Amino acid sequence: MSCLTKTAIAIPTAHRPELLALCLQRLAVANRSKFDVHIYADTSANLGDVEEVRDLYYPEAFLFRAAPHSPAFSGSWNIL
């Protein structure tokens with residue numbers, strides 16, 4: 001299968017590895033060759049927990065560690 005026909009799935013995660021596990025469990029039931037799964041761990045995420053969940057439920061997923069957040073003014077949201 002060409003990489004142009006794969007669907008990229010981006011999963012952000014921070015403090016709830018159990019939600020990541022549920023998501024990866026459902027993706028694992030589907031046809032794995034269709035998905036290119038990328039997990040983006042926040043700077044405050046426990047990387048050991050995220051790696052453990054990834055290795056258990058979807059070991060072929062790519063894992064990325066987010067760069068430190070840019071400062072945001074009080075009362076505003078920084079989604080980058």
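# Exercises on a predicted β-α-β-α-β chain

Of the 80 residues in the chain, 24% are buried, meaning under 20% relative accessible area, with exposed meaning over 50% and partly exposed in between (1.4 Å probe, protein chains only). The model is predicted: local features need pLDDT of at least 70, side-chain atom pairs count only at pLDDT 80 or more, and totals for chains, interfaces and linings use all residues. Residues are numbered from 1 along each chain as its sequence is written, and side-chain values use heavy atoms, with hydrogens and water left out.

## Exercise 1: The elements

Task: state how many helices and strands the chain has, and in what order they run.

Solution. Step 2: read from the N terminus, the order is β-α-β-α-β.

## Exercise 2: Strand pairing

Task: find which strands pair with S2, and in which sense.

Solution. Step 1: two strands pair if DSSP finds at least two bridges between them. Step 2: strand S1 (residues 7–13) pairs with strand S2 (residues 35–41) in the parallel sense, over 7 bridges. Here Ala10 has His38 as its bridge partner, and Thr13 stands opposite Ala41. Step 3: S2 also pairs with S3 in the parallel sense, over 4 bridges, where Ile39 stands opposite Leu63. Step 4: 5 of the 7 residues of S2 are buried, so S2 is largely enclosed by the rest of the structure.

## Exercise 3: The core

Task: describe the largest nonpolar core and the surroundings of Tyr58.

Solution. Step 1: a nonpolar core is a set of buried Ala, Val, Leu, Ile, Met, Phe, Trp, Tyr and Cys residues joined through side-chain atoms within 4.5 Å. Step 2: the largest one has 15 residues, and those with the most contacts inside it are Ile11, Leu20, Leu24, Leu27, Val37, Ile39 and Tyr58. Step 3: S1, H1, S2 and helix H2 (47–57) each give two or more residues to this core. Step 4: leaving aside neighbours within four places in sequence, Tyr58 is in contact (heavy atoms within 4.5 Å) with residues including Leu24, Leu27, Phe35 and Val53.

## Exercise 4: The aromatic pair

Task: classify the pair formed by Tyr40 and Phe64.

Solution. Step 1: rings of Phe, Tyr and Trp (its six-membered ring) pair if their centres lie within 6.5 Å; planes under 30 degrees apart count as stacked, over 60 as edge-to-face and the rest as tilted. Step 2: the count comes to 1 aromatic pair. The ring centres of Tyr40 and Phe64 are 5.1 Å apart and the planes are at 15°, so the pair is stacked. Step 3: Tyr40 lies in strand S2 and Phe64 in strand S3 (residues 62–65), so the pair ties together parts 24 residues apart in sequence. Step 4: Tyr40 is partly exposed at 36% relative accessible area, and Phe64 is partly exposed at 34%.
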